[in-house]
Amino acid sequence: MTAFDYDLFVIGAGSGGVRAARIAASHGAKVAIAEEYRVGGTCVIRGCVPKKLLVYASHFGEAFEDAVAYGWTTHGVSFDWATLIANKDKEIDRLSGIYVRNLEASGVDIFYSRAELRDAHAVHLIAEDRHIRARHVLIATGGRPYVDEALPGIEHVITSNEAFHLDRLPRRIVVAGGGYIAVEFACIFHALGAETTLLYRGEQILRGFDDDIRNHLASEMRRKGIDVICGQVFSAIEETADGLKGTLTGGDTIEVDRIMFAVGRRPHTSGLGLEHAGVEVDGNGAVKVDAWSKTNIDHIYAVGDVTDRVNLTPVAIREGHAFADTVFGERPTAVDHKMIASAVFAQPEVGTVGLTEAEAREGGRRIDIYKSFFRPMKHTLSGRDEKTMMKLVVDAETDKVLGCHIVGPDAGEMAQLVGISLKMGATKADFDATVAVHPTAAEELVTMRQKWKGGS
Ligand SMILES: Cc1cc2nc3c(=O)[nH]c(=O)nc-3n(C[C@H](O)[C@H](O)[C@H](O)COP(=O)(O)OP(=O)(O)OC[C@H]3O[C@@H](n4cnc5c(N)ncnc54)[C@H](O)[C@@H]3O)c2cc1C
C-alpha cells in the first residue's frame, strides 16, 4: 500500500469519472481525480445540460405563436441570444461548482491538470509536472467531436463545443451530420430564428433509430422549414466577404454565416499514454473493456464514452458506479446495456426504448406493429400542422413489447416510464390492461387496439 499515493486515480472528471471517484471513496478508497478542462465533463459543461437549456429556449417561439389561439396577445416578443448564453453559463458554473464540492465532500483530491499514463501505475500531471503512483487507474476521458481534417476549409467550421459560446445567433447556418446532436442543434437554431440546413451523408437522418422515427421526424422538420438534405456532404468550404460558402458533393453551393460539424465523436485517447501502460484500444481509439469495464491490464479500468459502448450520460454514470462497487465495494457488478431508453430533443421530440422494427424482425421473428399518428390536442386550437407518432413493436409469439418509439411533445419523458415496463418484460396485454390517463398523448400507448397493416 505504501508504494502507492492513491488506491484509485481517475483520469477525467465527467459523468463516469466523478461517480466512480465518489463511490470508490465511499467504500473507503483513497481517491484522486484529474480534469484538464472543467469538472463536470461533457454532459454538464458542453453537452446534455447546456443543450437542454437551449432546447427550452427554442420552444418559446412556437409557444408564443400557439398562444394566440388561446387568447394571448404576444405582440413585440423578441429573443436575445446573449441573454440566453449568459444565463446558461451562470447555470453551468453553478453545476460545475456543485460537482467540485461533492467530490471534496467525499474526500476525493482534485487535480486541475491533464493527466497522462507513464506506465501501468504511474500517472503524470502535466500542469504540475508531477508523477503519482496509483494502485488502480480509471480512464474516464470521454469523447470529443470528430471533424474531417482533410476537407478544404475545415478550419472555418465549429463543433458543438463552440456552438455553446457563439457571440451571436447565426442568421444562416448549416449543421452537418445526421445523429442526435446534429438534429437537435438544427432544431434549436431553426426555432430560434436561423435559416437552417441539415446536411447528412446517409439516406435518412438518425441512423440506428426506428425507421418510422427517422421518416416522421425528417418530414416534421422539413414542414417546420428546416432544409434537410440527405445523401451529400461538403466537398469544400471557403470564407467569403459575407460569411462562408460550402460546396456540396452534388455541386451545389450554400452561403451561410456558420457551419457546424456534428458528424460523430471519437474516444478521447490520443496522447493519453495508453501504450506505456499496455492498454489495448480498438481501431477507433476506444479502450477495450470487459463487462466489468476492466481493460486487458488487471488494475486499469475504463468507463463512459472512452469505451464507445452506449455513449450517454446515465450509462457512463452507471458504469462508473458499477466499477467502484466491483473493485472497492466487494460487489462485482456488470452493467446491463440492454433496453436503455433515450431521447432526441428535436422538435418534435423523440423518445425511444428497445428494438427497432428492423432489429426485431432480424432472424425471421414474427412481429406485430401497433402505430398511431395523431394531432396533439394542443394543436386543435393552435392549428399547428404537427403530428405525433407512437409505435409499439410486439413479439407475435410471446406478446412481449420489444420496442416503443415516439415522436411528439414530451416523448423523452414517456420513454423513461415505458422503459420500466419494457425492462420488466411487459406484454401488449399488460399495456391493454392499463387504464389510460385522460386526456394525455401517452394514453395512446395503452389504447392501440388494431395491428398496423402497412403504410404510414
Ligand atoms: C452536444 C452534446 C449533447 C449531449 N446530449 C446528451 C443527452 O441529452 N443525454 C445524454 O445522456 N447524453 C448526452 N450527451 C453525451 C454525454 O455528454 C456523454 O455520454 C457523457 O458526458 C459521457 O461521460 P464520460 O464520463 O464518459 O465523459 P465526459 O463527460 O466527456 O468527461 C470526460 C472528461 O475527461 C476530461 N479529460 C479528457 N482527457 C483528459 C486527460 N488526459 N486528463 C484530464 N482530464 C481529461 C475531459 O475534459 C472531460 O471533462 C451529449 C453530448 C454532447 C457532445
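**Close-up views of a predicted model**

**View 1. Helix H3, residues 48–67.** Helix H3 has 20 residues and spans 28 Å between its first and last C-alpha, close to the 28 Å expected at 1.5 Å a residue. The model shown here and in the other views is predicted. At Gly 61, H3 bends by about 25 degrees. The buried residues of H3 are Pro 50, Lys 51, Lys 52, Leu 54, Val 55, Ala 57, Ser 58, Glu 62, Asp 66 and Ala 67. Their cover includes helix H2 (41–46), helix H4 (81–105), helix H6 (180–192), helix H7 (211–224) and helix H11 (378–382).

**View 2. The ligand and the residues around it.** The ligand is surrounded by 38 residues, and the closest are Gly 16, Glu 35, Thr 42, Lys 51 and Asp 305. Helix H1 (15–26), H2, H3, H6 and helix H9 (313–328) each supply at least two residues of this shell. The largest share, 4 residues, comes from H2. One oxygen atom of the ligand lies 3.2 Å from a backbone N or O atom of Ser 15. An N or O atom in the side chain of Glu 35 is 2.6 Å from an oxygen atom of the ligand, and a polar backbone atom of Glu 36 is 3.1 Å from a ligand nitrogen atom. Of the 990 Å² of accessible area that the ligand has on its own, the protein covers 96%.

**View 3. Glu 386 in the loop between H11 and strand E20 (388–395)****.** Glu 386 counts as buried because its relative accessibility is 5%, below the 20% limit. Its side chain makes a polar contact of 2.6 Å with the side chain of Lys 224. Leaving aside neighbours within four places in sequence, Glu 386 is in contact with Glu 62, Glu 220, Lys 224, Pro 348, Phe 374, Arg 375, Pro 376, His 379 and Pro 409. Among these contacts, Pro 348 is found in the loop between strand E17 (342–344) and strand E18 (350–354). The peptide bond joining Gln 347 and Pro 348 is cis, with omega about 0 degrees.

**View 4. His 124 in strand E5 (residues 122–125)****.** With a relative accessibility of 9%, His 124 counts as buried. The side chains of His 124 and Asp 129 make a polar contact at 3.1 Å. Apart from neighbours within four places in sequence, the contacts of His 124 are Arg 114, Ala 115, Glu 116, Arg 118, Asp 129, Arg 130 and His 131.

**View 5. Val 393 in strand E20****.** Val 393 is buried, with a relative accessible area of 0%. Not counting residues up to four places away in sequence, the residues that Val 393 touches include Leu 355, Ile 367, Ile 369, Val 401, Leu 402 and His 405. The C-alpha atom of Val 393 is separated by 45 Å from that of Glu 275, 118 residues apart along the chain.

**View 6. Backbone geometry at Leu 206, Asp 308 and Pro 439****.** Leu 206, which is not a glycine, has a positive phi of about 60 degrees. Leu 206 lies in the loop between strand E9 (195–200) and H7 and is buried at 0% relative accessibility. Asp 308, also a residue other than glycine, has a positive phi near 50 degrees. Asp 308 is placed in the loop between strand E16 (300–302) and H9 and is partly exposed, with a relative accessible area of 33%. The peptide bond from His 438 to Pro 439 is cis, with omega near -5 degrees; Pro 439 is in the segment after helix H13 (428–433).

Conventions
Residues are numbered from 1 along each chain as its sequence is written. This is a predicted model: local features need pLDDT of at least 70, side-chain atom pairs count only at pLDDT 80 or more; totals for chains, interfaces and linings use all residues. Side-chain values use heavy atoms; hydrogens and water are left out. The expected span of a helix is 1.5 Å times one less than its number of residues. The bend at a residue is the angle between axes fitted to the seven residues ending there and the seven starting there. Buried means under 20% relative accessible area, exposed over 50%, partly exposed in between (1.4 Å probe, protein chains only). Contact means heavy atoms within 4.5 Å. A residue is near a molecule or strand if one of its heavy atoms lies within 4 Å of it. A polar contact is a pair of N or O atoms within 3.5 Å; within protein, one must be able to donate a hydrogen and the other to accept it, and residues adjacent in sequence count only if both atoms are side-chain atoms. Accessible areas come from the Shrake-Rupley method with a 1.4 Å probe; for residues, only the protein chains shown count as cover.
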